[in-house]
Amino acid sequence: MITGEIKSKIDKIWDDFWTGGISNPLTVIEQFTYLIFIKQLDDKQILMEKKANLLGVPIEKPIYTKAQSALRWSNFKNKDPEAMFDLFTKQRRELDDITAFDFMKTIGAEGGEFTKFMKGAIFMIQSPKLLDKVVQQIDQLPLDNRDTKGDLYEYMLSKIAEAGTNGQFRTPRHIINMMVAMVQPKKDDIICDPACGTAGFLVSAGEYVYDNHNDWFEDKTFREHFNSNMFHGTEFDPSMLRIAAMNLQLHGIETPVLTGTDALSEANGNVENAYTLILANPPFKGSLDYDEVESSLLQTTKTKKTELLFLSLMLRTLKVGGRAAVIVPDGVLFGSSNAHKSIRKELVDNQKLEAVISMPGGVFKPYAGVSTAVLFFTKTNSGGTDKVWFYDMKADGYSLDDKRNAISDNDIPDILKRYHNLEAEADRKRIDQSFLVTFNDIKENEWDLSINRYKEIVYEEIEYDAPSDIIETIKELDKDRINALLTLEGLLNDK
C-alpha cells in the first residue's frame, strides 16, 4: 500500500515537472517512465555485479561495459546538474557517441519488453536544474519492492485523471478490479486486452493472481507461463505502449506480449482463437471506414462503429470456452440498427451471455457522462445462453458528479457476492436490483439487453378525493379567506 510519504514525493516530482515547463500530463508520465527505466537498468547491473563478486566469476552479458560507466544512474546522479544534463543531451566520442537517454533505446533484450517500444522516444527535459531535481527524487523512491513500485506508478498514472486530461486512457481502477474479481483469472489463462492503454486490466489480473494464488508461483511451469505468455495487450499509440510496458514491469510482469498495432486493422487479422480471457474497455463513439477494418470482423456485424467491431474482434480472438468481460456504451444494449441487433443475437444465440451489469452515467466523469454496462460472456459457437443475470448498479463508491468524491454507498461488494452465487438469484423478482432473464424473453425483445426493458417498477397507488369533494373544500377555504379579510378590515377601521 502506498503511503502518504510516497504520495508526497510523487506529488513533488509532478509539481517540479510542471513548474519546469512540462505541462502535458502524458509527457510528464513518459519522462518519469524513462528515468525510472534508466535507474532500473543500473539496479540490474548492480545485482549482477554483486552475484559475480560472490561467485568470483565475471558477468557474462553486462548491461553496461566499463567504458559506459559514466552513463549509469549510480554514477551520474552524483554529478553536478550541468554535467548530468550534458550526459543526457550531448554525444561524446569516448562514449561511442551515445547519450544516457539514447543508451536505453539501444540495449536490446537486456532491457526487457519496454525497449521494444522506445523508437520515437524523445528526451523532453529542457533544463539541468529540472533533471537534477527529478533524478534526486526518483533515487529516493522505494523501487526495490514490487508492490510499492507498482503502487507508486499507478498513483503517478492517476494524476493524469486529476489533471483533467487524457482521461479516456484510464478506466476507474475499482471498476477494473471488480471485473477481474468476477472472472477470476485461472492458472492457465492467456489474458488479452485488445485496447490496453496503460495496461490497467492486465496489471489488475496479475495482482489478482499474486494476491489470491501466490502458491501458483511455486510451480516452475506456471512461473514461465506468467512471465512469458499470460498477458497480451494491443495498442496503436506508441506513448501508451511505453507506459503500459513500464506499468507491467513495475508490477512484476517482466515480459508481457505487447503489440503496437490497430487491433481492428488487417495487420491484426492473423490473431484468432488465441486467448482464454479478454478484459477490455475498448474505445466507443468511434467510426471507421469499411476498408480500414479487417474483413472477418464485418462478417459478424457489418458496421463502422468501433464498439461493435471490438465485440466481433473478441469473438474471433477468443478460444472456444474463453471468457470475456467488456465495457460497452448503453447504445450497444438497445440500438435498433441491424448491426446492433446482429451482434447481440450473436452473443445470446450463438455464444453464452452470462451477465449484464448496468453502470450509472457518472462512472466515467469528468471525462464522459455516458451510461455504460459490463458484458460477461463465454465463446461457445454453439449457444448455451439459458438465463442472463442483470444487475442495476446505482453506486460505485464515489459521487457521480465531476468531483467523484468517495462515498459510503457502493454496490460492488453486493455484485461480487451475488455473481458468484447465481443459484440464489433464481427467486428474485424483476422489481429487485438484480434478477435473471430467460433466453426466450430476450429473443422476444429483439435481443435487447438494456435492464430497463425487463425491470418492473411497482407504482404506489394513491387515492384522491372525488372532484366534487375537492370543489367543496375549495369553497370552504374561500369562505374562510373572505371572513379573515373582513375581520382584518374591521380591526383596522377600529383604529
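How many cavities of 30 Å³ or more does the structure hold? The structure holds 1 such cavity, a cavity being a set of points on a 1 Å grid over the protein atoms alone where a 1.4 Å probe fits but cannot get out.

## Basis of the model

This is a predicted model, in which local features need pLDDT of at least 70 and side-chain atom pairs count only at pLDDT 80 or more, while totals for chains, interfaces and linings use all residues. Residues are numbered from 1 along each chain as its sequence is written, and side-chain values use heavy atoms, with hydrogens and water left out.

## The cavity

The largest cavity has a volume of about 40 Å³, a volume being the space filled by probe spheres set on the grid points, which are joined across faces, edges and corners. Its lining residues, those with an atom within 4 Å of a point, are Cys192, Pro194, Thr234, Asn268, Val271, Tyr275, Leu313 and Thr317.

## Glycine 369

Glycine 369 is found in the loop between β6 (352–359) and β7 (372–378), where strands are DSSP runs (E, at least two residues) numbered from the N terminus. Because its relative accessibility is 48%, glycine 369 counts as partly exposed, a class between buried (under 20%) and exposed (over 50%), computed with a 1.4 Å probe on protein chains only.

## Lysine 455

Lysine 455 lies in the loop between α17 (439–444) and α18 (467–494), helices being DSSP runs of H or I with at least four residues. Leaving aside neighbours within four places in sequence, lysine 455 is in contact (heavy atoms within 4.5 Å) with Asp392, Arg430, Ile431, Asp432, Gln433 and Phe435. The side chain of lysine 455 reaches the backbone oxygen of aspartate 432 at 2.7 Å.

Notes: 1 Å grid on protein atoms, 1.4 Å probe; cavity = no way out; pocket = protein on both sides within 12 Å on 5 of 7 lines; lining within 4 Å. Polar contact = N/O pair within 3.5 Å; in protein donor to acceptor, adjacent residues only side chain to side chain.
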